[in-house]
Amino acid sequence: MIDHDEGPAPGGLISRWFVSGVRGLVQVVLAFAAGLPLFILSVVSFALILVGVGVFLLPPVLRALRTLADQQRAWAAEWSGVRIPAPYRPDPRPSGNPFRGLARLLGDPATWRDVLWSLLNVPVGLLLGLLPAAMVVYGVEGMLVAPWIGGVADYGWGPFWTLDDWGFVGIAGSVVLGALLVVIGLPLGPRILNAHALFNRSLLSPTRAALERRVQELTATRSETVDASAAELRRIERDLHDGAQARLVALSMNIGLAEELMKHDPEAAQRLLAEAREASGTALTELRDLVRGIHPPVLAERGLDGGVRALALSLPLPVDVTIELAGRPEAPVESAAYFAVAEMLANVAKHSGAQRAWIDVHHSGGALKMIIGDDGTGGADPAAGSGMRGIERRLAAFDGTMVVTSPPGGPTVVTMELPCALSSPRTLPSSGTD
Amino acid sequence: MRVVIAEDLALLRDGLIRLLEAFQFEVVEAVDNGPSLLRALTAHRPDVAVVDVRLPPTFTDEGLRAALEARKEIPGLPVLVLSQHVEQLYARELLSDSSGGIGYLLKDRVSDVSQFVDAVRRVAAGGTALDPDVVAQLLTRRAREEPLQALTPREREVLELMAEGRSNAAIAAKLFITEKAISKHTNNIFGKLNLPPSEDDNRRVLAVITYLNA
């Protein structure tokens with residue numbers, strides 16, 4: 001039980017037991033009302049793949065099962081302090097081809113473990129769910145009810161059946177054993193709930209193989225990211241060295257020379273100063289472009305919302321912008337999202353021949369979703385353009401995905417997803433000044 | 001002419017004060033953060049304010065927001081906004097109430113002192129001063145559209161200068177042609193863009209900007 005934090009339910013012994021009892025009963029209801037039907041539905045839909053209907057039936061069923069499993073993961077953490085990471089492979093919404101989406105779902109071992117869990121959880125969930133409440137309730141019954149009813153009705157408790165046959169020993173025994181059951185059952189309730197969480201973890205967390213594959217993925221994306229950022233830093237260094245820095249050197253030389261010439265040849269000095277001012281303007285423009293490429297000021301000031309709107313305004317065609325964000329993602333995610341949208345919009349302007357474009361940015365299901373579409377000629381191929389490949393890499397560093405549908409003749413729709421959380425809406429202070 | 005300055009970098013703030021005072025402006029207050037700017041603007045009601053977009057405490061667009069806020073309280077309060085970068089998005093917000101008295105320039109432009117002082121005076125008089133970069137962005141966005149393509153290169157040049165907020169006289173001086181020629185160009189431009197003609201410089205500028213911003 002290494003993942004146990006401190007007992008999550010606050011309060012005294014009895015209130016902790018009560019909470020665990022209620023939660024256990026919730027689990028029982030859920031196992032029968034949701035888990036079992038979903039298990040049956042998935043088996044039936046799987047069989048129906050043979051007649052074709054299953055192809056369309058199975059994915060929503062499996063997704064519903066994932067929702068149920070995710071609920072279990074959330075409860076395990078919240079109720080028992082048992083962390084169960086979601087094991088699913090990144091799932092770009094299958095657009096168009098239903099077979100590919102299904103193959104992706106069925107190819108994920110986590111899907112099969114979900115199904116197995118939904119079956120095993122029926123008996124296990126029933127047992128572990130009822131136990132916390134049942135032990136104590138039965139113990140109380142032994143303590144309080146048995147002595148009164150023992151002589152009146154044909155009644156028994158625990159091993160003493162019927163009480164009449166046991167006489168005084170039966171009554172005393174059921175009181176003592178009942179009390180014992182209550183004493184054991186009260187502290188045990190939350191632990192039984194924890195045991196259920198551990199059972200859930202055994203099936204709902206990633207397998208070792210999945211973790212190993214994940215490590216490989218992370219290693220690959222990390223080295224790509226490191227390479228890309230090193231290359232980026234080299235480019236910035238070169239730009240500064242050959243650009244602004246060189247211009248400032250020339251500038252200070254010009255000013256120094258002008259200083260010398262001031263007395264003898266004021267006219268030449270004035271010419272040099274005018275040149276110097278021009279050079280400073282060029283240096284500033286270069287620095288501005290460089291800053292825009294590193295972290296656009298409008299993104300720092302207005303977040304993704306303002307950044308994307310500013311991008312849309314800079315396009316030579318009308319762009320409908322819909323942005324619904326309740327807060328801001330982490331700065332690195334925000335930046336990756338911004339540059340992804342910027343690249344896609346640049347593609348729209350350069351290659352699509354579109355008359356109109358649209359952007360939809362929103363956050364749902366724990367991911368930032370950015371959908372960019374245009375009415376252009378289509379035929380965009382993510383494998384062909386280095387720009388799109390770069391965006392894929394940038395998104396992959398955050399487990400993000402990109403799906404491009406661009407049939408010849410259009411329209412093109414690019415869907416990008418970045419798993420992330422949003423912070424509360426406030427302006428993030430950043431260093432530096434304008 | 002009474003001016004309020006908002007700039008958080010002391011070096012630039014002092015430079016602006018010195019520059020404006022050299023041209024007989026009276027700097028009534030120079031502040032270095034957003035909240036004090038709003039207070040200074042509503043308290044002094046200056047003839048014009050020169051405001052940096054990015055100010056403490058958030059170092060985001062504090063200055064811009066304070067200026068817009070002040071203009072809500074004092075409609076038409078002349079504000080010249082300075083920034084290290086110009087954004088059409090911000091230009092839109094500044095111009096949205098279309099009551100004039102708005103300037104939006106790159107900080108670099110301050111180095112051309114006479115042009116800059118001219119811009120401050122123009123804004124104070126209820127005119128407009130848009131950075132050439134903003135105008136260029138506006139034109140790029142509409143470049144593919146019919147009416148703009150129908151303009152001759154000269155008319156386009158005049159349109160750009162007009163969108164920057166310059167009067168006919170100033171445009172004439174800049175392009176080395178007569179004012180009469182300019183007003184012929186402007187009439188052509190207004191005809192091609194289907195805008196109602198107007199003799200008033202400020203109103204004409206606003207009409208052009210509104211058209212480009214649409």
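**Salt bridges, buried faces and backbone features**

At 30% relative accessibility, Arg154(B) is partly exposed. The structure described here is a predicted model. In it, the side chain of Arg154(B) meets that of Glu157(B) in a salt bridge, with an N to O distance of 3.2 Å. Glu157(B) is likewise partly exposed, at 34% relative accessibility. Both residues belong to helix 8 of chain B, which covers residues 153-164. They stand three residues apart there, and about one helical turn separates them. An α-helix has 3.6 residues a turn, so residues three or four places apart point the same way.

Arg235(A) is partly exposed, with a relative accessible area of 28%. Glu232(A) is also partly exposed, with a value of 32%.

These pairs belong to a wider set. Over all chains, a search of the whole structure finds 33 salt bridges. Side chains of opposite charge can pair when their charged atoms come close. In chain B, Arg65(B) forms such a bridge with Asp61(B), the closest N and O atoms being 2.8 Å apart. The accessibility of the two partners was then examined. Asp61(B) is buried, with a relative accessible area of 0%. Arg65(B), in contrast, is partly exposed at 44%. The pair does not stand alone. Asp61(B) and Arg65(B) are linked with Arg302(A) and Glu93(B) in a network of salt bridges.

Burial was next examined in helix 10 of chain A, which spans residues 386-396. Met388(A), Gly390(A), Ile391(A) and Leu395(A) are buried in this helix. Seen down the helix axis, the buried residues fall within an arc of 155 degrees, so they line one face of helix 10. Several elements of chain A contribute to the cover over these residues. Among them are helix 9 (331-352), strand 4 (401-405) and strand 5 (412-419).

Strands 4 and 5 of chain A also pair with each other. The pairing is antiparallel and runs over five bridges. Within the pair, Val403(A) stands opposite Thr415(A) of strand 5. The two strands form a hairpin, with six residues between them. Gly409(A) sits in the turn and has a positive phi of about 95 degrees. Strand 4 of chain A is largely enclosed by the rest of the structure, because four of its five residues are buried.

Val140(A), Leu144(A), Val145(A), Trp148(A) and Ile149(A) make a nonpolar surface patch of about 470 Å². One of these residues, Val140(A), is placed in helix 4 (residues 109-149). Val140(A) is partly exposed, at 32% relative accessibility. That value exceeds the cut-off for patch residues, which is over 30% relative accessible area.

Asn168(B) lies in helix 9 of chain B, which comprises residues 168-175. Its relative accessible area is 8%, so Asn168(B) counts as buried. Contacts were considered without residues up to four places away in sequence. On that basis, Asn168(B) touches Glu179(B), Ile182(B), Ser183(B), Thr186(B), Asp201(B) and Arg204(B).

The peptide bond joining Pro56(B) and Pro57(B) is cis, with omega about 0 degrees. Pro57(B) is placed in the loop between strand 3 (48-52) and helix 3 (62-73). Arg45(B) has a phi near 45 degrees, a positive value in a residue other than glycine. Arg45(B) lies in the loop between helix 2 (34-44) and strand 3 of chain B. Asn194(B) also has a positive phi, near 65 degrees, and is likewise not a glycine. The loop that holds Asn194(B) runs between helix 10 (179-192) and helix 11 (201-213) of chain B. Asn194(B) counts as exposed, with 69% relative accessibility.

Conventions. Residues are numbered from 1 along each chain as its sequence is written. Chains are lettered from A and ligands numbered from 1 in the order in which they are written. This is a predicted model: local features need pLDDT of at least 70, side-chain atom pairs count only at pLDDT 80 or more; totals for chains, interfaces and linings use all residues. Side-chain values use heavy atoms; hydrogens and water are left out. A salt bridge is a side-chain nitrogen of Lys or Arg within 4 Å of a carboxyl oxygen of Asp or Glu. Buried means under 20% relative accessible area, exposed over 50%, partly exposed in between (1.4 Å probe, protein chains only). The arc is that of the directions from the helix axis to the C-beta atoms. Contact means heavy atoms within 4.5 Å. Patches are made of residues with over 30% relative accessible area and no salt bridge: like charges are joined within 9 Å, nonpolar side chains (Val, Leu, Ile, Met, Phe, Trp, Tyr) within 5 Å. Accessible areas come from the Shrake-Rupley method with a 1.4 Å probe; for residues, only the protein chains shown count as cover. Two strands pair if DSSP finds at least two bridges between them.
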